[in-house]
Amino acid sequence: MHEIELKFLVPDYKVDALLRQANIKSSETAQLAAHYYDTPDQLLAESGVALRIRKEEDEWVQTIKAGGDGMAARLEHNYILDSEVAEQAIAADNLMPDLSVYKDTAIAEFLSDFKLKKLSEALVRLYVTDVTRITRLIKKDDSAIEVAYDTGEVVHGSSSELRSDIKEIEFELIEGDVGFLFEVAKTWCKRYKLCLSTVTKAERGSLLLAQKPHSDAVKSDLNQLDIYEDMSQSAFLQAATHNCMLQILPNASAIAAGSNDGNHVHQLRVGIRRLRTLLKFFGDFSEDINPEWAPILKQTFSLLGEYRDREILQIKTQPMLEEQGAPFVDWSAERDSLKVMPIDAVRANDFQVTLLELIEFSMGRANSSDDSKLAKPKVSKIIDKLFGKIATASSHFSELDIEAQHDVRKRLKSLRYICEFAAPMFKKKKTKQFLKYLEPAQDILGEYNDDIVGFAFYEQKAQDDANAWFAMGYFSAQQQHAAKACAESLQQVKNAPKFW
C-alpha cells in the first residue's frame, strides 16, 4: 500500500494549544517502541528503505517503507509478527526482521539489489525510538485523516547516552480524497504555525548515528526529472515543479529545524529560483497555478539573499581580499543583525502554506480542463526567444548599464534552467552540448555580478570603516576587464548549436 502523509515540526509556543486539539475525548494515546534495522554501513538507508519492528497495542508489526514521490507519498508494507515469538525475542534481545515476507510484494523491487538471505544475516539494530503518540480522526464525507502528535526520542542502539528529541505532528490520509488531506493540513498549519519537515524517524536515527544535527544540503537532481517528449503542458509544469520541490523541501526543513549551515540557504535559494523561472515562463500551462505563490516566493528568496550575501562577504570575499593584501573588515555584525534571519523567513506561515499548495499541485492531484496541448512546441518557442535576446545583447554587452547587464545574466540563468527541464524532450547529446556553451558564460557573468555587489557593499561599509577602501579599488579594477570577458563569453553562447 501507499501511505500519503505530511509531517510538521511544532513551534514550542504552540505546543499547549495544539495539544488541546489533538488530545480530545475521542483521541487515543499509545506508547510506541520501535526498533530500526539496517546493515552497519546503512545500505538500506542509501537505497531509500526504512525497516522497523514496532509494538502497536498488543501486536508486533514489521514495517518497511520505500520509494514514493520524495514528498508526501511512500510505499509501505506492514506484516504482523507472531506476538509470542516476538515477546520471547525481545526478552532475549534478539528480535530481528523476517525479510522473506517481501518476496512476492511490491517492496521486492526496492530490495532487488540485495540477496535477501545475505541481507538478513547482515542486519543489526541501529537505533530505537520511544514515542508517545496521541491520535485522532478528522472525517468529512467519505474521507478520513489521522492526526498523530508524537513526542519522545530516538536512542542509539549501542549507546543509550546518544539520543535526540522527537516532537512532530503527522497528517495521514486513511481513506478518501487526498485533497482533504491538504485542506486539513493547511488549516492546522495556519492555526498553529506548523513547519513542514521531510525528516523521517529513520532519518533522525541515521543523523544520530552520524552525530549530525541536520542532513546535508540537497542540490537539484535532474535524474529525478520525470519529463518526456509528448507530455501535455500541465503535466510538464507539474513534473518540473515536483523536481524543484525535491530540492526546496529538505533544505527548507533543515533551516526551519534550526540549521545555520549557509549551504542550506544557498541550495534553498537555487531551488526557489528554478521554481520562479518555471512559474514566470510557464505559469499559463495550468489553470491551477495560484498567482499568490510568485510574490511569496520572491519575498522569501530576497530575505534569504540578504543573509547569504553577508555570509559570503564574511567567509569568502573578505578572506580572498586579505590574500590580495587587504586589511581586515568585519561583516559578522551586519549578518547577525538582520531583522529577518533564514529561520524566520522559512518558518513564515505564508511560505509554509505556499509549500503545501505546491506539494499538492506537483503531486498531480490538480486537474486541468485541457490536457491536449503539448508542451514541447511552446517550450521550444520560449527557449528560442530567450536565446535570441541573449544573442542580441552579446554584441554590445559592455555598453549596457549595470541594470541591463544584470537582466542579461538573469536571462542566461533562465535559459539554462529551462533547457535543463526540457532536455528529456529532445536529443540528449544535443542538449548536453548546448548546455556546455552556457556554463562558462554563466560562471563569468556570475563573477562579474559578484564584483558589482562586492563594490556596493564595501562602498557602504567605507562610510564607517576606512579599511573597506582597498576592496572598492580592487572591485572597480576587476569590473573594467570583466565586462569585456562577459561579452566574449556571450559571443560563444551566440554560436552554440541549437537543439530545439
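This is a predicted model: local features need pLDDT of at least 70, side-chain atom pairs count only at pLDDT 80 or more; totals for chains, interfaces and linings use all residues.
Let's start with helix α1 (residues 15-22) and helix α5 (residues 178-192), whose axes come within 10 Å and cross at roughly 145 degrees. On the α1 side you'll find A17, L18, Q21 and A22, and they meet W188, R191 and Y192 of α5. Sorted by class, that contact has five nonpolar residues, one polar and one charged.

Keep an eye on W188, since aromatic pairs come next. The whole structure holds 19 of them. In one, the rings of F171 and W188 sit with centres 5.5 Å apart and planes at 75 degrees; angles over 60 count as edge-to-face, so that's the label here. F171 belongs to strand β8 (residues 163-175) and W188 to helix α5, so the pair ties together parts 17 residues apart in sequence. Both F171 and W188 are buried.

F434 and W500 make another edge-to-face pair, at 5.2 Å centre to centre with 90 degrees between the planes. This one links distant parts of the chain: F434 is in helix α15 (residues 428-461), W500 in the segment after α16 (469-494), 66 residues apart. F434 is buried at 0% relative accessible area, whereas W500, at 22%, counts as partly exposed. Elsewhere, W331, F457, Y458, Y474 and F475 form one aromatic cluster.

Now for the other helix contact. The axes of α9 (residues 293-323) and α12 (residues 349-362) come within 10 Å and cross at roughly 125 degrees, so the two helices are oblique to each other. The crossing is left-handed.

Definitions and conventions. Residues are numbered from 1 along each chain as its sequence is written. Side-chain values use heavy atoms; hydrogens and water are left out. Axes are lines fitted to C-alpha atoms, for helices over the stretch in contact, and angles run from 0 to 180 degrees between N-to-C directions. Helices (H or I, at least four residues) and strands (E, at least two) are DSSP runs, numbered from the N terminus. Contact means heavy atoms within 4.5 Å. Ala, Val, Leu, Ile, Met, Phe, Trp, Tyr, Cys and Pro count as nonpolar, Asp, Glu, Lys and Arg as charged, and the others, Gly among them, as polar. Angles under 35 degrees count as roughly parallel, over 145 as roughly antiparallel, 65 to 115 as roughly perpendicular and the rest as oblique. A crossing is left-handed if the near helix is turned anticlockwise from the far one by less than a right angle, and right-handed if clockwise. Rings of Phe, Tyr and Trp (its six-membered ring) pair if their centres lie within 6.5 Å; planes under 30 degrees apart count as stacked, over 60 as edge-to-face and the rest as tilted. Buried means under 20% relative accessible area, exposed over 50%, partly exposed in between (1.4 Å probe, protein chains only).
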